[in-house]
Amino acid sequence: MTQLADSFRSDPNHSAVLLVDLQVDFLSADGRLPVAQSAVPPLLACVRAVVTEAHACGVAVVHIVNAFPRWSLGNIFRKFAAIDGSPGAAIDERVPRSADDLVFSKARSDAFSNPELDAWIREHRIERLLVLGVYADACVRRTVEGALSRGIAVTVPRVGVASRSAAAVDRGLRAITRAGATTA
C-alpha cells in the first residue's frame with residue numbers, strides 16, 4: 001500500500017510532504033524531550049516509505065526543525081530541547097534526506113510562523129500537504145491548523161505521528177480532524 005494519496009502523485013508540482021520536528025532531541029531515547037519510544041519505529045518506517053515515494057514521484061519534501069534561541073525562557077519547559085546549533089536540534093540521522101529536500105526552521109509550534117515557509121508554499125502554489133512528525137498534539141497540530149487556515153488541504157497518516165503517549169497522539173489526531181484535515 002502506498003502512503004501518498006493519488007492526488008499527490010497525480011499533481012506533484014502542487015503537493016508537498018512536511019516532516020515536522022524529526023530531530024534527535026525528540027526521537028532519540030537519550031534526547032532531551034523524547035516521544036514515546038514505542039512509537040518511533042513505526043513513525044520512522046512511515047517516514048521512510050513516504051519520503052521514498054515522494055522522491056520517486058517528484059513531490060517536494062520539506063523538513064521543519066525547531067531552532068529555539070538559547071535565551072528563551074520557554075526552554076525551561078522544553079527541557080532545553082532543540083536549542084539552535086545544539087546536537088539535539090539536528091535532524092535525526094534515521095530520517096531519509098535528499099540534497100533536493102528543503103529545510104525550514106521555526107521557533108514556535110506552527111511551522112508557518114516562519115515567513116520563508118509561507119512564501120515557498122505560495123510561490124509553488126502548494127495545494128495539499130502530507131504532514132508527518134512530532135508532537136501530534138502540539139507542533140503537528142498547530143502546523144496543520146496553519147496550513148488549513150491558508151486553504152491548503154492536509155492529510156496526516158496516523159502512524160506518521162508520535163507524542164509522549166498514545167493518548168496524546170489520539171488527542172492530537174482528534175483536534176486535527178476537527179480542524180478539517182484528513183487522517184489516514
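The legends below describe close-up views of a predicted model. Local features need pLDDT of at least 70 and side-chain atom pairs count only at pLDDT 80 or more, while totals for chains, interfaces and linings use all residues. Residues are numbered from 1 along each chain as its sequence is written, and side-chain values use heavy atoms, with hydrogens and water left out.

**View A. The largest nonpolar core.** This core has 28 residues; a nonpolar core is a set of buried Ala, Val, Leu, Ile, Met, Phe, Trp, Tyr and Cys residues joined through side-chain atoms within 4.5 Å. Buried means under 20% relative accessible area, exposed over 50%, and partly exposed in between (1.4 Å probe, protein chains only). Residues with the most contacts inside the core are V17, L19, L27, V47, V95, L132 and V134. Two or more residues each come from β1, α2 (24-27), α3 (40-57), β2 (60-66) and β4; helices (H or I, at least four residues) and strands (E, at least two) are DSSP runs numbered from the N terminus. The largest share, eight residues, is given by α3. Another core, of 27 residues, lies apart and includes L18, I64, L117 and V144.

**View B. Helix α5 (residues 139-149).** Its buried residues are C139, V140, T143, V144, G146 and A147. They lie on the same side of α5 because they cover an arc of only 160 degrees around the axis, taken from the directions from the helix axis to the C-beta atoms. Just after α5, G151 has a positive phi of about 80 degrees.

**View C. Residue P115.** P115 belongs to helix α4 (residues 115-123). With 60% relative accessibility, P115 counts as exposed. Its C-alpha atom is separated by 9.6 Å from that of F104, eleven residues apart along the chain.
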